[in-house]
Amino acid sequence: MNLQTQQTETYEADIVVQALGYRPDGRLKDVLEGCAEHVIAIGDCTGIGNIIGATTEAYEAVWNL
């Protein structure tokens with residue numbers, strides 16, 4: 001839901017992973033290897049951080065594909 005407009009938003013995706021925790025855990029990347037052409041670990045998968053850092057990592061990962 002968009003908190004500003006109070007409207008529900010829908011996005012098409014093949015897979016969405018939401019990982020929450022306090023310790024880096026890269027096991028999911030290992031599981032997903034081979035399922036797609038590119039599997040890139042970012043965010044808390046590689047080290048504890050914040051949403052700004054994770055978003056920056058995601059942008060850079062996509063840009064470098």
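**Exercise 1. How many disulfides does the count come to?**

Before starting, note that this is a predicted model, in which local features need pLDDT of at least 70 and side-chain atom pairs count only at pLDDT 80 or more, while totals for chains, interfaces and linings use all residues. Residues are numbered from 1 along each chain as its sequence is written, and side-chain values use heavy atoms, with hydrogens and water left out.

*Solution.* Begin with the rule, by which a disulfide is a pair of cysteine sulfur atoms within 2.5 Å. Under this rule the count comes to zero disulfides. Next, look at C35, which is in no disulfide, the nearest cysteine sulfur being that of C45, 14 Å away. Finally, compare the surroundings: with buried meaning under 20% relative accessible area, exposed over 50%, and partly exposed in between (1.4 Å probe, protein chains only), C35 counts as exposed at 62%, whereas C45 is partly exposed at 22%.

**Exercise 2. Find the salt bridges and describe the exposure of their partners.**

*Solution.* Side chains of opposite charge can pair when their charged atoms come close. The criterion is a side-chain nitrogen of Lys or Arg within 4 Å of a carboxyl oxygen of Asp or Glu, and the structure holds two salt bridges. In one of them, R27 and D25 meet at 2.6 Å, N to O; here R27 is exposed, with 60% relative accessibility, while D25 is partly exposed at 34%. In the other, the side chains of K29 and E33 meet, with 2.6 Å from N to O. K29 is partly exposed at 25% relative accessibility, and E33 is also partly exposed, with 41%.

**Exercise 3. Decide whether the chain is spread out or compact, using its helices, strands and radius of gyration.**

*Solution.* Start with the secondary structure, where helices (H or I, at least four residues) and strands (E, at least two) are DSSP runs numbered from the N terminus; the chain has two helices and zero strands. Then take the radius of gyration, calculated over C-alpha atoms, and the globule rule, which is 2.2 Å times the number of residues to the power 0.38. The chain's radius is 14 Å, well over the 11 Å that the rule gives for 65 residues, so the chain is more spread out than a compact globule.
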